[in-house]
Amino acid sequence: MYQYNDFDEAFVRERVAQFSAQVQRRIDGSLTEDEFKPLRLMNGLYLQLHAYMLRVAVPYGTLNGRQMRQLAHIARTYDKGYGHFTTRQNIQFNWPKLKDVPQILSDLADVEMHAIQTSGNTIRNVTADHFAGAAKDEIADPRPYAELLRQWSTDHPEFQFLPRKFKIAVSGSTHDRAVVRAHDIGLEIVEKDGERGFRVLIGGGLGRTPIIGKVAREFLPEADLLPYCEAIVSVYNLLGRRDNKYKARIKITVHETGLEEISRMIEERFSQIRPAFTGVDQQLLGQIKDAFSAPDYVAKDDDAFQIAYDNDPLFRAWVDTNVTDHVRDDHAIVSISIKTPGQTPGDATAEQMVAMAELAESFGYDELRISHEQNVILPHVARADLPEVHAALRDVGLAAANIGLISDIIACPGMDYCALATARSIPVAQDIALRFEELKLAHDIGPLKIKISGCINACGHHHVGHIGILGLDRAGVENYQITLGGDGTEDAAIGTRTGPGFAYDEIVPAIERLLLAYLDLREGEDETFLQAYRRVGMEPFKAALYPEKEKVDAA
Amino acid sequence: MPRAFTPKVVTANRLLEGDAVWLTADDRWTTDMSEAELIEDEAVSQDRLLFAMGQADVVVGAYLADAKAGEDGPEPTHFREAFRTRGPSNYAHGKQAEA
């Protein structure tokens with residue numbers, strides 16, 4: 001893992017001191033809210049529906065045990081004993097008091113963490129594949145590049161006041177687990193003639209106008225990463241619309257300018273600034289790569305694993321859903337489900353965080369990841385240790401065997417917390433998970449991604465859910481629109497709306513009708529919901545969702 | 001024709017704690033909406049909002065929210081404002097825990 005050097009340490013400490021003084025000046029009345037708001041947002045502090053909310057960056061979702069313990073400490077000391085893992089691989093605390101925030105930031109700095117640029121019109125936390133460094137299909141670990149981009153973008157003087165927020169994701173595998181096509185810049189590590197580089201996508205994004213990213217460069221040599229990204233953000237900074245918040249993201253800039261023209265402008269800017277990058281960035285990248293070298297794996301005999309797998313059905317079910325093959329045969333990737341049916345997706349208690357930290361330290365080479373799907377990953381666990389890991393997770397209520405199944409739902413905080421939300425998300429996710437738990441249909445239904453957003457901004461990625469749910473305010477009542485056929489992988493697609501929305505108490509029955517229809521029409525158990533939708537299209541699902549309308553039309 | 005004025009309350013979030021509060025007729029900020037001043041006149045509502053916005057050392061983001069007269073005092077008319085009087089639906093946190 002990357003460790004702060006003296007410069008990083010001094011920078012973060014200085015920012016804590018600066019923001020502490022700003023909070024003090026706000027409290028004593030020297031700063032107005034208008035003056036203070038941009039300052040607090042630059043430090044990840046929002047004011048939400050019931051309280052302040054602090055969003056803490058987890059760079060590319062990577063944490064060690066000590067950092068996870070500190071998050072638990074913060075949850076216990078300054079919050080209500082839990083934290084919320086987000087779709088941007090961050091963690092949010094929902095109840096901090098303004099006066100405590102400087103101390104929270106200081107506690108974070110003690111473990112090389114911060115909340116800088118987790119809000120505002122800046123380059124946000126760079127996200128990456130949560131299986132980075134462990135995935136079998138990986139060309140190269142994306143995290144060194146993500147870290148390089150983090151260092152470059154943090155406090156970059158040219159990019160502190162962009163037209164709008166800016167998100168970069170990096171994937172190093174053939175299978176996209178980082179939704180790179182829904183980012184302002186998506187980077188895919190590729191190899192051409194033995195040389196490593198990137199396929200660069202620009203202008204992807206969800207929100208009000210969902211657009212799949214477009215290829216700006218099919219192959220960008222590794223050494224050109226920073227100057228090319230700088231050229232993209234620089235062109236966007238000039239062209240991006242500041243007159244209309246809803247048209248300010250780069251996806252609109254790309255759309256309005258045209259891919260060809262904006263690519264030309266990016267290349268022109270690139271050729272101007274490329275000579276200024278004299279290779280210092282590449283030296284730095286070399287050092288960063290060393291920090292991300294693979295752990296010293298300990299080979300273990302996996303007899304204990306086989307015995308448990310053959311004899312313990314609970315363990316077997318958990319392995320079959322939550323454990324993924326590792327680059328090494330005697331190791332595995334463990335996805336810890338933060339989605340026990342009935343619980344809030346992404347919420348972990350302080351006790352659970354400590355348990356996960358202990359597991360990482362004892363069995364996982366001290367590494368943890370936060371996934372954009374709001375789960376926690378132990379990327380390197382010896383197969384022999386899986387029974388013990390499973391038992392420890394059961395003790396703290398984290399052994400739900402549902403990764404990739406219907407109850408593994410992404411849900412934004414929605415109107416239970418978020419000031420921007422137009423409807424609630426969390427209780428809809430809870431109710432769907434509980435209903436299908438009751439029906440015992442999760443395994444019959446198989447792989448399914450339901451994603452729920454409580455407003456058009458789409459933090460819950462509903463556009464790329466196989467089933468997407470969008471909560472809206474329709475004439476003062478919560479109303480939920482369904483989209484089908486979305487996909488967040490390398491085959492990215494935006495879901496299509498089924499028709500009129502459903503009331504709060506109608507949405508779970510609607511999802512149930514939809515999935516019963518799927519079970520009826522699929523060609524076999526191997527045909528997933530998404531495959532079935534692609535084969536038969538919208539109509540059979542519409543018929544299941546709107547039976548009354550069918551009757552009227554037939555009459 | 002301009003739309004008829006619907007009754008309002010002045011609401012905001014407390015600067016230090018961030019929780020939702022409402023303005024009372026005697027210029028206090030209360031965490032109990034039923035104690036709020038229900039404003040039936042548009043000119044008065046603007047006047048009270050200006051007063052609230054002048055209290056920047058106490059509250060943040062003051063605005064006028066629709067409300068109606070209930071048995072014990074003003075009540076919310078929109079679900080968002082109703083949630084603000086209670087707290088989130090996934091945990092007994094916020095105002096519902098303090099009641």
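**Reading the features in turn**

Modeller: Let us begin with a helix: A:E261 and A:R264 lie three residues apart in helix α8 (residues 259-273) of chain A, so about one helical turn separates them. Helices (H or I, at least four residues) and strands (E, at least two) are DSSP runs, numbered from the N terminus. An α-helix has 3.6 residues a turn, so residues three or four places apart point the same way. This is a predicted model, in which local features need pLDDT of at least 70 and side-chain atom pairs count only at pLDDT 80 or more, while totals for chains, interfaces and linings use all residues. Residues are numbered from 1 along each chain as its sequence is written, chains are lettered from A and ligands numbered from 1 in the order in which they are written, and side-chain values use heavy atoms, with hydrogens and water left out.

Colleague: What does A:E261 form with A:R264?

Modeller: They form a salt bridge, with the closest N and O atoms 2.9 Å apart. The term denotes a side-chain nitrogen of Lys or Arg within 4 Å of a carboxyl oxygen of Asp or Glu. A:E261 is partly exposed, at a relative accessible area of 32%, and A:R264 is partly exposed at 41%. Buried means under 20% relative accessible area, exposed over 50%, and partly exposed in between (1.4 Å probe, protein chains only).

Colleague: Which parts does the pair of A:R177 and A:D137 tie together?

Modeller: In this salt bridge the closest N and O atoms are 3.0 Å apart. A:R177 lies in the loop between β7 (168-171) and β8 (185-192) of chain A, and A:D137 in the loop between β6 (127-128) and α5 (143-153) of chain A, so the pair ties together parts that are 40 residues apart in sequence. A:R177 is buried, with a relative accessible area of 13%, whereas A:D137 is partly exposed at 24%. Over all chains, the structure holds 47 salt bridges.

Colleague: How many residues of each chain are in contact where chain B touches chain A?

Modeller: The size of an interface is often given as the accessible area lost when the parts come together. Here 24 residues of chain B are in contact (heavy atoms within 4.5 Å) with 31 residues of chain A. Together they bury about 2,200 Å², 60% of it on carbon and sulfur atoms; buried area is the accessible area (1.4 Å probe) that two parts lose on being put together, summed over both. Between chain B and chain A there are zero salt bridges.
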